[in-house]
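Here's a quick briefing to read alongside the coordinates. Have the viewer open and follow along.

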Amino acid sequence: MSVPAEQLETFLPSELHFMAENETIEILPRRVGNPIKLAGTDLPLMHPLRKNRVPIWMAIALKKQQRCQFVPPDWMEESNLRRILAFEHANPTAFSNVDFHWLEIAQIVLTTAPDDLTSPPQVIRNLVRDIREVREQKSRQGMKEVNENMLQMDRLGALEINEMRPFVVEGMEEMIKIRKAGKKEEPIIYSESDNPEDDEDDEPTYGHDDESSLAVPSSQLDSSLRYGDRVDTSERRRELSQWDDNVPQQGGPEW
Amino acid sequence: MNEGTIIDLPIWIADVLSQSEYDPYSGNQECFVTVKIPHALKPSVLNALKTDAPGVDLRYQSPLFFALAIYYLELFEDEELETIIATAMAERISDIYDNVGRRGEFVHKYDEFEKMLYKKGCASRRAYKEYMATIKY
């Protein structure tokens, strides 16, 4: 299937909008609704004027049928948005802690349920836009720190990350190319005598079916160690060097 | 062509020639050619990049400035050049990011890589703006 080039490297805002619709939001139903079992989420029993937490896509569908009223998230209150804006102004290097999908959710609530907001929708929309502009300015400042290894900006929203992703990825790749060009590494050459099994049969063997292809016999691998475990590297290094010293002996020390 | 002549060659030819160790005419075993630093990477350009990277007109030096620099760095180890190019690129990238969504003369200073970057930035900015413009009041 052919996909346009810009969709290969990043999401369209409409795709993020779709993903944000799977977040939950509180609604006030106007009619009784029976609980429904769905794959992934269960919809609770709905009573009129009792708050229920449902996925946004459900809330949108009910709202379109005039069967519910949105309860906008706390941060979409005018006072809270003003507080967030003040925080953004006061901290030139930190971003305020907002919902990951804050722009999309604001967009959804403002388009489908502007009448359920506690303040006029224009005010909310302008505040959201102001916050977004301040954050954008800060992310531009943050770009000054870019290098080939990392770029860290905490608490950016999905849409904000999405907007800078193609640019940053492409830029950092080019910087990595420069660093790689400058560093010429010795090519790794495997001598044939390392693996005598290969000489006997011409068919190359893939994977680690037999133990001889492993650099370290699996009996000596620490099976209790899992990916993500914290390892005290200094102790590990000492153990390794110990093992190196004892290589001529048959069978290394217990790991 | 006499020995000691200085000529401009495409860098890929210079690459091949500098790696051949045998000179068929004189028969000596030294390198056939000595590669000088390309015009685009001459010290005056590098000094300009060191002082004010975003202001340098890289397109005038070479439309493929960074590609050339990377090719050259692959051929010859030059740690100083590598540092200058890498820091200059970081500075220029953040400058381009500032300019995304704007129009102006600055585009003429970008080399091909930077132009591509600028276009990508503009495209995603446009997509974002179109999305945010879906509210109508």
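The charged end of Arg132(A) sits over the ring of Tyr128(B), 4.3 Å from the ring centre; that label needs NZ of Lys or CZ of Arg within 6 Å of the ring centre and within 35 degrees of the ring normal. Keep in mind that this is a predicted model: local features need pLDDT of at least 70, side-chain atom pairs count only at pLDDT 80 or more, and totals for chains, interfaces and linings use all residues. As for bookkeeping, residues are numbered from 1 along each chain as its sequence is written, chains are lettered from A and ligands numbered from 1 in the order in which they are written, and side-chain values use heavy atoms, leaving out hydrogens and water.

**Charges and rings**
- Lys138(A) lies over the face of Phe95(A), at 5.4 Å from the ring centre.
- Over all chains, the structure holds seven aromatic pairs. One of them is Tyr72(B) with Phe76(B), tilted, at 5.2 Å centre to centre and 45 degrees between the planes.
- Pairing here means that ring centres of Phe, Tyr or Trp (its six-membered ring) lie within 6.5 Å; planes under 30 degrees apart are stacked, over 60 edge-to-face, and the rest tilted.
- Tyr72(B) is buried at 8% relative accessible area, while Phe76(B) is partly exposed at 25%. The cut-offs are under 20% for buried, over 50% for exposed and partly exposed in between, using a 1.4 Å probe and protein chains only.
- Phe65(B), Phe66(B) and Phe113(B) form one aromatic cluster.

**Nonpolar cores**
- The largest nonpolar core has 45 residues, and Phe167(A), Leu49(B), Phe65(B), Ile85(B) and Ile93(B) touch the most other members. Such a core is a set of buried Ala, Val, Leu, Ile, Met, Phe, Trp, Tyr and Cys residues joined through side-chain atoms within 4.5 Å.
- Helix α7 (158-182) of chain A supplies at least two residues of this core, as do α2, α4 (65-75), α5 (79-99) and α6 (112-132) of chain B. The biggest giver is α5(B), with ten residues.
- Beyond four places in sequence, Phe65(B) touches Ala40(B), Leu41(B), Val45(B), Leu49(B), Leu58(B), Ile85(B) and Asp111(B), where contact means heavy atoms within 4.5 Å.
- There's also a second, separate core of 38 residues, including Met46(A), Ile56(A), Val134(A) and Ile135(B).

**Arg135(A)**
- Arg135(A) is part of helix α6 (residues 121-142) of chain A, and it's buried, with a relative accessible area of 0%.
- A polar atom of the Arg135(A) side chain lies 2.6 Å from the backbone oxygen of Arg155(A).
- Outside four places in sequence, the contacts of Arg135(A) include Glu88(A), Trp102(A), Arg155(A) and Glu160(A).

**Chain B overall**
- Chain B comes to six helices and zero strands, both taken as DSSP runs (H or I, at least four residues, for helices; E, at least two, for strands) numbered from the N terminus.
- Of the 137 residues in chain B, 39% are buried.
- For contacts in chain B with a separation of 6 or more, 52% link residues 24 or more positions apart.
- Thr34(B) is in the loop between α1 (11-19) and α2 (43-51) of chain B, exposed at 77% relative accessibility. Its C-alpha lies 6.5 Å from that of Ser18(B), 16 residues away in sequence.

**Cysteines**
- Zero disulfides turn up over all chains, counting cysteine sulfur atoms within 2.5 Å.
- Cys68(A) is buried at 1% relative accessibility, and Cys122(B) is buried at 16%.

Definitions and conventions. A polar contact is a pair of N or O atoms within 3.5 Å; within protein, one must be able to donate a hydrogen and the other to accept it, and residues adjacent in sequence count only if both atoms are side-chain atoms.
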